[in-house]
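Me: I would like to learn how to read the features of a protein model, step by step. Could you take me through one example?

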Amino acid sequence: MKNIQDIAFHPGSKEELLPGFAKEFPYIASRVEISQYTGRFVPWHWHRAVELFYIESGALVYRTPGGEALFPAGSGGLVNANVLHMTREGTRTGKNIQLLHIFHVSLLAGEQGSRIEQRYIHPIITAPQIELIPLFPGNTGHEKILRMIRESFLLSDDACGYEIRLRAALSEIWLQLLEEVRPALSKHVNYNKSNDRIKSMLVYIHEHYQEKISIRELAAAVCLSERECFRIFQNCLHMTPAEYIKSCRLQAACQMLAQGEESVTVIGHACGLGNSSYFGKVFREALHCTPTQYREKWQDRDR
């Protein structure tokens, strides 16, 4: 199981790059402590793999375009394939530790178009109403699935037959999840095209955040009006385009401060936040410390 402390993206997108994710076995297990992430949160992203998680300690907040949910220790759930989401700490007391199975559904379905894929996999991953399947202790059905998820992390990857046992465990969990969401699957919901449009705009911002970005240019890049651009950002991310652009630049600045030795002036210009004076003002307003103080805190942590 990998200890993950940051997030990387595929070039030109906000789709998460999953290190160690191999075609012959499209799966990784991760242990995540959110407080170790730059900014103490995981920014908006998506991946074609599904994300099955269990909260080992502390609490995490998951946000999707459909809303947000707080997951305390002992809870868990599944983030559906290609769903835009972000996570942040639910509490600042103690460690917020999350265990993750991230896998492509082909691990369970086998060959594309198989009966297993059609009968058991597609009903969930093609349902636009299912962004996140939450599981909480205190619910009998949920507790059974949570116990199965917790036990699946105890499988040793050094043991003979590990891959087969893991696939069997994930398959049984998937069947239980399918039963859990059957009532929601019976309700027909049209696919929301805003999901594709917001992703396209995030890709554009990710590619151009170092430059000056006007809302007109952003909207035109995906053939939208400025009004529609604002509406989609508000509905999906609950913020304005300008607020997201600023947060993207600050996230990039935080990573450069934590991991590099470039001057504050260089970083400010490289992240599209201008000269050191303006960069410092924006940074202090958002993170309540100066860029230099932030660098000292995060680089001292690794010594």
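**Surface, fold and aromatic rings**

Reply: Let us begin with the surface: the protein exposes about 15300 Å², of which carbon and sulfur atoms supply 50%, the areas coming from the Shrake-Rupley method with a 1.4 Å probe, where for residues only the protein chains shown count as cover. Please keep in mind that this is a predicted model, in which local features need pLDDT of at least 70 and side-chain atom pairs count only at pLDDT 80 or more, while totals for chains, interfaces and linings use all residues. Residues are numbered from 1 along each chain as its sequence is written, and side-chain values use heavy atoms, with hydrogens and water left out.

Me: What share of the 303 residues counts as buried?

Reply: A residue is called buried under 20% relative accessible area, exposed over 50% and partly exposed in between, again with a 1.4 Å probe and protein chains only. By that rule, 47% of the 303 residues of the protein count as buried.

Me: How many helices and strands does the protein have?

Reply: Both are DSSP runs numbered from the N terminus, helices (H or I) having at least four residues and strands (E) at least two. In this protein there are eleven helices and ten strands.

Me: How many aromatic pairs does the structure hold?

Reply: Rings of Phe, Tyr and Trp (its six-membered ring) pair if their centres lie within 6.5 Å, and planes under 30 degrees apart count as stacked, over 60 as edge-to-face and the rest as tilted. The structure holds nine such aromatic pairs. In one of them, the ring centres of Phe-53 and Phe-71 are 5.1 Å apart and the planes stand at 85°, so this pair is edge-to-face. Because Phe-53 lies in strand E4 (residues 50-57) and Phe-71 in strand E6 (residues 67-72), the pair ties together parts that are 18 residues apart in sequence. Phe-53 and Phe-71 are both buried.

Me: Why is the pair of Phe-71 and Phe-136 stacked?

Reply: The centres of these two rings, Phe-71 and Phe-136, are 5.3 Å apart and their planes are at 20°, so the pair is stacked. The pair links distant parts of the chain, since Phe-71 is in strand E6 and Phe-136 in the loop between strand E10 (132-135) and helix H3 (140-152), 65 residues apart.

Me: Are Phe-71 and Phe-136 buried or partly exposed?

Reply: Phe-71 counts as buried, at 0% relative accessibility, whereas Phe-136 is partly exposed, with a relative accessible area of 27%. Together, Phe-53, Tyr-62, Phe-71 and Phe-136 form one aromatic cluster.
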